[in-house]
Amino acid sequence: MLEIKNLHVSLEEEDKEILKGVDLTVEAGKVHAIMGPNGSGKSTLSYVLSGKDGYEVTAGEAMMGGEDLLDMEAEERAAAGLFLAFQYPVEIPGVGNMTFLRTAVNSQRKARGEEEMSAAEFLKVIRAKAKTLKIDADMLKRPVNVGFSGGEKKRNEILQMAMLEPTMCILDETDSGLDVDAMKLVAEGVNALRDEGRGFLVITHYQRLLDHIKPDVVHIMANGRIVKTGGPELALEVEQNGYADILAEVA
Amino acid sequence: MAAPQPKLDPLAARLEGLSLPKGAAWATDAREAALGRLTAMGLPTKRDEYWKYTDPSSLTQAGAPKATLFDTGEAPLFDAVDRLKLVFVDGVFDAALSDSFDLEGVEIEQISDAMSHDIHWAKDVYGVLEADGQNPVERPLAALNTAFAAEGVAIRVTGDVSKPINFVYLHRNETSDAMLHHVIRVEKDAKLTLLENGPAAARFSKSMEVDIADGAEFHHVRAQGRDHERRASTHIFTRLGERSVFKSFTLTVNGVLTRNEAVIDIRGDNAVAHIAGAALGDGATGDFHHDDTVFITHDAQHCESRQVFKKVLRNGATGVFQGKILVKPDAQKTDGYQLSQSLLLDDDSIFQAKPELEIYADDVVCSHGSTTGAIDEEALFYLRSRGVPEGPATDLLVLAFLAEAIDEIEDESLREDILARLEGWLERHGS
Ligand SMILES: Nc1ncnc2c1ncn2[C@@H]1O[C@H](COP(=O)(O)OP(=O)(O)OP(=O)(O)O)[C@@H](O)[C@H]1O
Ligand SMILES: [Mg+2]
């Protein structure tokens, strides 16, 4: 599904290398988790994969479904099936959440040469999906993320994911800021999408989320690299002992 | 050696070939007085403080610079609205294209008819509001219009008019130099919605004096024509009575030069005046210079004024805003708000703003803000990461930016009409 090889990334503005050779493969149908200390480059990896400006790839490659991701515009990557649930979802005053989502869904359909979703059909689908995430009609009408609480923003990300039905989902700390119940809702939203054809990359600091979204593989990222890969037990180890042991072991 | 030609002074050159239209004695007096004001002031030049950001020379030169006709290929705006339509072709009233003047609650006449009567209500409005509006800032182009405009309509509203009146300004001649002067009186507790649209002429001078009596309402929605090379200098002079309402919105897309002046004089307590504008300029399709110049005087208590002006500029387009709120000593409890913002889509475009507050009363709330910004890159990326291509994503953000101005249009269906036009325009200009 997603294949990253020896990815080196620097900031465009300053000559600072953030990713220092990331190797990572996420197979279709699998959930991979990434954990790692603050500042290790997890969000940077997610941004680079989704096509944000400001980064320079100095070496390596990232392929998705056989296509060269790094060669595509951000919107092309989305249409090809990539989705990033942002660590910090962006507020867009003046653009209604509903308008935003319908434009997004139909832009992707258009790019794939599919028929656009009618307003009526869209309304029906979004209402049903919003309900399962406990997002009320008012939140759909309001400008994108404006005045949303931290948890509401995160649920809104999952709603977008549910509407867009991407094949490769990256979730960047979607659990942070969520209360216990919201965490369950979000996890259910993710689990509902789990299937053979879909891959997940879940970035998190906490085992809690992984209790609900059971990962197949856990990676530890440190200083711009994947330094250790293991099964679900690796997350438990981090939860109990922190990163010190692991970092010492690979140093 | 041939004697050098004496150089005509600019005013004489501009007035050559013009003559004061004929009318009743009071009408001639009003026009001669306007000519007197104009002669005393002279024509504006770039050296004048009030014209610092906008060069008036193409507005003051003798003869209109050519403006190519532009077919938008769209159905005319407001065509679907149930309205009374009055059509002007290159500034000349066209009865055949217009609806009949019969409408309950309103008297409509051509200005030439109104001004031929010895006794007429227009005497208290024509040139009167304009003359008041010459202080403290001179507006010579308005005086020129009052003196020489031979076309326009006089509208007196006595009831709640069932449908809007729509002035449609067609442009058919590439060098037309049009002058229109409308006078409108909305009597006590009466209500009118006025729509205006179209490019009007190669060079268009339009003045509108609107007298709003106690408890009356005047709503105004205007879309200036999209002919790229057209020039326009427009004035609205309005006077508000007690509890009266004035709400005006203008959409401007394209036009090599537009100067819209509004002079709003709040005389009665508890009155409300809102004026808003949305302008979009793309220098790639022709030069674009748009200037909103507003002067609001609060001379009564418990009144509210609100200015919301938004400009989206790209490819070397220029936007100007000069807005002043003057609060007189007795205008206590004034609530004045002024917002002027521009969104620059590139580094070539320019926005110049001169917001001013002059307050002599102590118990007032006045605020003003003026900002110039670029597109929000974070928001743009967020949209693109959801699959919206850069062009449409930019359009969404542009519409979001303009929303606050467009929301000033109270009537929902008119608001939708204006929005639909904007979306169409953006689609053609999207990056
Ligand atoms: N635009 C930028 N300018 C300067 N430094 C940056 C920029 N983007 C990322 N960095 C730096 O790169 C490093 C990695 O940041 P990143 O956000 O990817 O970390 P992270 O692993 O997601 O951390 P966290 O767990 O706190 O979210 C940090 O040191 C950060 O300060
Ligand atoms: Mg992060």
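1. Start with strand β10 of chain A. Both of its faces are covered: A:Gly199, A:Leu201 and A:Ile203 are buried on one side, and A:Phe200 and A:Val202 are buried on the other. Buried means that 20 or more other C-beta atoms, placed from the backbone, lie within 10 Å of the residue's own; exposed means 12 or fewer, and partly exposed is in between. In a regular strand the side chains alternate between the two faces of the sheet. Because 5 of the 5 residues of β10(A) (residues 199-203) are buried, the strand is largely enclosed by the rest of the structure.

2. A word on the model. This is a predicted model, where local features need pLDDT of at least 70 and side-chain atom pairs count only at pLDDT 80 or more, while totals for chains, interfaces and linings use all residues. Residues are numbered from 1 along each chain as its sequence is written, with chains lettered from A and ligands numbered from 1 in the order in which they are written. The scores are ipTM 0.96 and pTM 0.89. Chain B has a mean pLDDT of 95, and 97% of its residues reach 70 or more. Here pLDDT is the predictor's confidence in each residue, from 0 to 100.

3. Next, the neighbours of β10(A). Helices (H or I, at least four residues) and strands (E, at least two) are DSSP runs, numbered from the N terminus. Two strands pair if DSSP finds at least two bridges between them. Strand β3 (residues 31-35) of chain A runs parallel to β10(A), joined by 4 bridges. Strand β9 (residues 168-172) of chain A is also parallel to β10(A), with 5 bridges. A:Val202 stands opposite A:Ala33 and is the bridge partner of A:Leu171. From β9(A) the chain crosses through helix α7 (residues 180-193) to β10(A), in a right-handed β-α-β crossover. Right-handed means that, with the strands pointing away from the viewer, the path from the first strand over the helix to the second runs clockwise.

4. Now ligand 1. The residues around it include A:Asn38, A:Lys42, A:Thr44 and A:Gln87. Each such residue has its C-beta atom, placed from the backbone, within 6 Å of the ligand. The shell has 2 nonpolar, 9 polar and 1 charged residues. Helix α1 (residues 42-50) of chain A gives the largest share, 3 residues.

5. Finally, chain B. An open sheet of 10 strands runs β2-β1-β5-β7-β9-β11-β13-β15-β17-β19, with mixed pairing. Its edge strands are β2 (92-93) and β19 (365-373), each pairing on one side only. Within chain B, β5 (residues 165-170) and β7 (residues 191-198) run parallel, joined by 4 bridges. B:Asn166 has B:Leu195 in β7(B) as its bridge partner.

Technical notes
Ala, Val, Leu, Ile, Met, Phe, Trp, Tyr, Cys and Pro count as nonpolar, Asp, Glu, Lys and Arg as charged, and the others, Gly among them, as polar.
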